[in-house]
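Please examine the sequence and the three-dimensional structure displayed below. The paragraphs that follow lead through selected parts of them in turn.

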Amino acid sequence: MGLAYLAAVTPPDWTVTLVDENIAPAVLPDADLVGITSFTSTINRAYGLASVYRARTVPVVMGGIHPTMLSEEARQFADSVVRGEAEAVWPQVLRDAQAGCLKPLYEGRPQRLADLPHPRRDLFDLGYAWGTLQTSRGCPMDCHFCSVTAFNGRRFRQRPVADVLQELATIPQRHIFFVDDNLLGYGRQAEARAVELFRGMVERGLGKRFVCQTSLNFADNPQVLKWAQKAGCKMIFVGLESVSEGSLESMGKSYNLKKGTDQYAACIRRCHAHGIGVIGALIFGNDEDDPGIFDRTLGFIRTSGLDVIQITFATPLPGTRLFEQLQREGRLTRTDFPRDWKDYSFSRILFRTRGMSAEDFYRGMVYVKDHLYTPMPFIRRVFRTLLETRDPATAAMAYKLNKGYRRGYLETAYFQPYSSMHRRASARKPTRSRRPFAARDGSPKGPGRRAVDDRSV
Ligand code: B12
Ligand code: SF4
């Protein structure tokens, strides 16, 4: 979306082409100026593309999350770097490019969202199955592992509801993903705004089905749930992060701590009662995690009715407090940058862990995922979504998302040595261990058998 927002503030004498490598490898068109955006894990590809254009003497500007956090690094590969939200500064960048005097660094700033034009959707690939839309920026929470507060600031800025509704009406796709880090926000005013938005969607008869990211407080206000359901909310993505309060504390996840992990299940049930499924994001690898975390997490998933599960390893993204802490403590294990950024993909242990070895974390991760993605629990979970939400569209979405996460898991090569499911995938007979997880130096043995040096996988 970032590039579509920049296109919207690009003067009409420029012709803009948007190339999205999420769809297919780019056929690199001729250009007078190239702007590149990238996450951390894909930054080497971005630097490669920048080199191709610079070899053709086409100036390259980089922006977005990674170049903002590491502008010195990005400047080695680009003619210019824009830090932060770029709408206000972009026209100046273009003027300087036209005059042949691009500066090496431009500073963006948090924008007043009411002033922004709508992103240029006409540039998006027609094949996008989901329409995306942003209604707010910023997050007051500042969790240890997250780069959103460092990037967009702590102030939660929201667009006027009328403007959002107007934009929604121009989106051709039926399925919408609100890219806000928290569509709802916090407090009474935020809840009233969410109700106004959802009610507006109903009154305009937009007929959308949508997924959004939010906190557990989404389930606290019956009006929010009622109007979200009517407006077509099928799933919410919630950062539960951990079932261990010690781990939540080390992550600085104050909201979940205040709520209490014992409230997770009740919140999920309230969403289900309104036909809304819950995608729960969980993180392993925290300093406070002990060998019991894997069985406790599985137990929670089974009893809570969580519909879709995203489990990743704690990943020290640049610009986060987690990165700074691990760097200060000399615990990062992959520091040959920029090359090693490719490993910052949320599926690897990237630092010397405490409480358990990296190998135990890999084994624990496959132990949990083997349990989640063997056929019976997989099928049972999707049926439970149908039974509890009584919404076939929600269940269909849960099925597709579970299938996607399962495929992602099976295709992650460095889990293979630890996983009976991977080993048996070729024989088409995945099984799971019925024994509880045990760390390597304990007994009984856990599901993994072969030790793998973390650097070799
Ligand atoms: C929507 C979203 C997704 C969507 C869509 C991703 C996509 N490809 O577009 C989905 C769910 C698929 C997704 C997946 C992932 N995501 Co995501 N995602 C987001 C989210 C919530 C919003 C992004 C967005 O659209 N913002 C709205 C636009 C308007 O803002 P923007 O992109 O920042 O653009 C502005 C500026 O950055 C700047 N700018 C941006 N690009 C450029 C380029 C130039 C040339 C210039 C001058 C300026 C500029 O100008 C824009 C206007 O102000 C962000 C969080 C966030 N708040 O940004 C995380 C975020 C970007 N995601 C993140 C991550 C890690 C991922 C995954 C790697 C997670 C995973 N476990 O796999 C995957 C990667 C998948 C992939 N290859 O695309 C991290 C990235 C951190 C990092 N350092 O890399 C973020 C920041 C979340 C976080 N908690 O830290 N994500
Ligand atoms: S993880 Fe979510 S709540 Fe925490 S700072 Fe990031 S966006 Fe905010």
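Does Pro119 count as buried or exposed? With 21 C-beta neighbours inside 10 Å, Pro119 counts as buried; a residue is called buried if 20 or more other C-beta atoms lie within 10 Å of its own, exposed if 12 or fewer, and partly exposed in between, with C-beta atoms placed from the backbone. The model is predicted, and local features need pLDDT of at least 70, side-chain atom pairs count only at pLDDT 80 or more, while totals for chains, interfaces and linings use all residues. Residues are numbered from 1 along each chain as its sequence is written, and chains are lettered from A and ligands numbered from 1 in the order in which they are written.

Pro119 belongs to the loop between strand 4 (105-107) and strand 5 (130-133). Helices (H or I, at least four residues) and strands (E, at least two) are DSSP runs, numbered from the N terminus. Leaving aside residues up to four places away in sequence, Pro119 touches Met1, Ala4, Tyr5 and Ala8; two residues are in contact if their C-beta atoms, placed from the backbone, lie within 7 Å. Between the C-alpha atoms of Pro119 and Pro140, which are 21 residues apart along the chain, the separation is 25 Å.

The chain is assigned domain 1 (2-107) and domain 2 (113-410), with bounds that come from an automatic or database domain assignment. The C-alpha centres of the two domains lie 28 Å apart. At their boundary, 23 residues of domain 1 are in contact with 23 residues of domain 2. On the side of domain 1 that touches domain 2, helix 1, helix 2 (43-55) and helix 3 each supply at least two residues.

Both domains give residues to the shell around ligand 1, so ligand 1 lies between them. This ligand is surrounded by 33 residues, the closest being Gly2, Gly35, Thr37, Gly63 and Gly64; a residue is near a molecule if its C-beta atom, placed from the backbone, lies within 6 Å of it. Helix 1 provides the largest share of the shell, 4 residues. By class, the shell has 17 nonpolar, 13 polar and 3 charged residues. Here Ala, Val, Leu, Ile, Met, Phe, Trp, Tyr, Cys and Pro count as nonpolar, Asp, Glu, Lys and Arg as charged, and the others, Gly among them, as polar. Around ligand 2 the shell has 5 nonpolar, 2 polar and 2 charged residues, including Cys139, Cys143 and Cys146.

Attention now turns to helix 17. In this helix, Thr394, Ala395, Met397, Ala398, Leu401, Asn402 and Tyr409 are buried. Seen down the helix axis, these buried residues fall within an arc of 160 degrees, so they line one face of helix 17; the arc is that of the directions from the helix axis to the C-beta atoms. The face turned away carries the exposed residues Pro392, Lys400, Gly404 and Arg407. Among the elements that cover the buried residues are strand 10 (233-241) and helix 16 (375-389).

Most residues other than glycine have a negative phi, and most peptide bonds are trans. Thr57, however, has a positive phi of about 60 degrees, and with 6 C-beta neighbours inside 10 Å it counts as exposed. Glu241 in strand 10 also has a positive phi, near 70 degrees, but with 23 such neighbours Glu241 counts as buried. The peptide bond from Phe337 to Pro338 is cis, with omega near 5 degrees.
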